[in-house]
Amino acid sequence: MATLVAVDISRAGVVADGAAAAGGGDAFLNTGAEILVIKNGSVSSINVTLVTQATVDGNAVADPVVAVAAGVTKAIGPFPRYIFGDANGLVQVTYSAVTSLTVKVLRLTPAGS
């Protein structure tokens, strides 16, 4: 599992092209302002699973699964920390396949910050 580093979005713009997704999944530090950008360059749909850490009445909250069709780029988020943050404050993400799949984490910072 690789740890992705978020890039702050600015008025000057940022390159949204990502890096290859890790076969065992990826993780990123979550402040609650991150967006995960997934680009599926393969010929088949893939599923992105967002691992939840929260429980309600002792029951685990179901992990959301987001389908990303072939040739599509999707932005996913935000990620409430109390639902998605693990003990280290990371969001964990897994993929049904990683061939031609790239990922990038963007962080929205409030104006004036």
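Beyond its neighbours within four places in sequence, Thr 49 is in contact (heavy atoms within 4.5 Å) with Asp 63, Pro 64, Val 65, Gln 92, Val 93 and Thr 94. This is a predicted model, so local features need pLDDT of at least 70 and side-chain atom pairs count only at pLDDT 80 or more, while totals for chains, interfaces and linings use all residues. Residues are numbered from 1 along each chain as its sequence is written, and side-chain values use heavy atoms, leaving out hydrogens and water.

Is Thr 49 buried or exposed? Its relative accessibility is 19%, so Thr 49 counts as buried; buried means under 20% relative accessible area, exposed over 50% and partly exposed in between, with a 1.4 Å probe and protein chains only.

Thr 49 lies in strand 6, which covers residues 46–51 and runs antiparallel to strand 9, joined to it by four bridges. Strands are DSSP runs of E with at least two residues, helices are runs of H or I with at least four, and both are numbered from the N terminus. Within this pairing, Asn 47 has Ala 67 as its bridge partner.

Stepping back, five strands make an open, mixed sheet in the order 1-4-11-6-9, where strands pair if DSSP finds at least two bridges between them. Strand 1 (2–4) and strand 9 (65–68) are at the edges with a single partner strand each, so one side of each has no neighbour in the sheet.

Finally, look at Ile 38: leaving out residues up to four places away in sequence, Ile 38 touches Val 48, Val 68 and Tyr 95, among others.
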